[in-house]
Amino acid sequence: MADPQVQVGGGGTADQDDVEMQGGDEGADVVEVGETVGEEGDAAEEDKPAQRVTFIDYLKSPMIELLIGSGADQTLLMAHKALLTKSPFFTQKLSSAETKRIELSEDDLDAMSCFLEYLYTGEYFPHKLPNNSLQVDPALPKLDESGAQLLKHAKVYTLAEKLEMPALKSLSHSKIHLINSTAPAELTYARYVYSHTTRDDHTIRKPVASFWGQRSHVLRHQTEGTFRQMCMDFPEFAFDVLSFVLDAEEKRAQRKGGGPDDDVGKSARKRARGQ
């Protein structure tokens, strides 16, 4: 396209006031000074594809110190700023260019390590395999009897919630359901869930209540009284389990053709009241 002529408004004649740009021709567009050429230039800018951010771009960004834990267990970790800011939590913390260190005294070191591994690689150990199982860790028993393996992923889940990383949260939750564990381990996990998540977090709480609602009549005998203590310490847990049992019973009655109110008004007393 030919370069446009620019006509400068003024009081002289057209021959005197016309200014031709180099490379112009008779068919060139004429544009008054102060006018825009049109939307074509802006559209071209908008259509230009965004520049791809490469992994080396992340690695060129400044290093940030992360001080994890407190006291004798306090550990200093390092991570690239451009990767950390994938988390809205860290984006806010690093809003000032002067920030070079962030203290995270309440966070779990292993969970933070899993988060950083996820930032750099898109996964964290043990990886989730295509056959819907987890990588084998030779250092761990096949059966989680203490709850340590369940807690590993539960702590990643609650950290991902704090850091506003929904994909990591979903990944860690899916790994929880691939752990083979005992009843005491499941109860340890349930205690963590109900002490570190909010009441409306149905994603992680509902499966816990469902697990115990289906098996509590058997598993409570394997927990040496800790199931009862769990119910006393966390009434929300007891209520959720009871709600699951009652909902299941109601659905069972409906499948048999009865309704939830069929027995309303009928006495369940097996003997007469004493005089």
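Strand E4 (residues 63-68) and strand E6 run parallel and are joined by four bridges; two strands count as paired if DSSP finds at least two bridges between them. Helices (H or I, at least four residues) and strands (E, at least two) are DSSP runs, numbered from the N terminus. The model is predicted, and for that reason local features need pLDDT of at least 70 and side-chain atom pairs count only at pLDDT 80 or more, while totals for chains, interfaces and linings use all residues. Residues are numbered from 1 along each chain as its sequence is written, and side-chain values use heavy atoms, with hydrogens and water left out.

Within this pairing, Leu67 stands opposite Glu103 of E6. In a regular strand the side chains alternate between the two faces of the sheet. Buried here means under 20% relative accessible area, exposed means over 50%, and partly exposed lies in between (1.4 Å probe, protein chains only).

Glu65 and Arg101 meet in a salt bridge, with N to O at 2.7 Å. This pair links distant parts of the chain, as Glu65 lies in strand E4 and Arg101 in strand E6, 36 residues apart. A salt bridge is a side-chain nitrogen of Lys or Arg within 4 Å of a carboxyl oxygen of Asp or Glu. Side chains of opposite charge can pair when their charged atoms come close. Glu65 is partly exposed, with a relative accessible area of 24%, and Arg101 is partly exposed at 42%.

Helix H6 covers residues 109-121. The expected span of a helix is 1.5 Å times one less than its number of residues. For the 13 residues of H6 this gives 18 Å, and the end C-alpha atoms are 18 Å apart, so the two values agree. The buried residues of H6 include Ala111, Met112, Cys114, Phe115, Leu116, Tyr118 and Leu119. At the N-terminal end, Asp108 caps the helix, with a side-chain oxygen 3.2 Å from the backbone nitrogen of Asp110. Just after H6, Gly122 takes a positive phi of about 85°.

Several backbone features lie in loops. Most residues other than glycine have a negative phi, and most peptide bonds are trans. The peptide bond from Phe125 to Pro126 is cis, with omega near -5°, and Pro126 belongs to the loop between H6 and helix H7 (148-163). Asn132 is also found in the loop between H6 and H7. Although Asn132 is not a glycine, its phi is positive, at about 65°. Asn132 counts as partly exposed at 47% relative accessibility. Glu164, in the loop between H7 and helix H8 (166-176), has a positive phi near 60° and is likewise a residue other than glycine. Glu164 is partly exposed, with a relative accessible area of 46%.

The structure holds 10 salt bridges. Among them is the pair formed by the side chains of Lys162 and Asp107, at 2.9 Å from N to O. Lys162 lies in helix H7 and Asp107 in the loop between E6 and H6, so this pair ties together parts that are 55 residues apart in sequence. Lys162 is partly exposed, with a relative accessible area of 35%, whereas Asp107 is buried at 14%.

Another salt bridge is formed by Glu236 and Arg205, whose closest N and O atoms are 2.6 Å apart. Glu236 lies in helix H12 (residues 235-255) and Arg205 in helix H10 (residues 202-219), so the pair ties together parts that are 31 residues apart in sequence. Glu236 counts as partly exposed at 28% relative accessibility, while Arg205 is buried, with a relative accessible area of 4%. Salt bridges that share partners join Arg199, Arg205 and Glu236 into one network.

Definitions and conventions: Polar contact = N/O pair within 3.5 Å; in protein donor to acceptor, adjacent residues only side chain to side chain.
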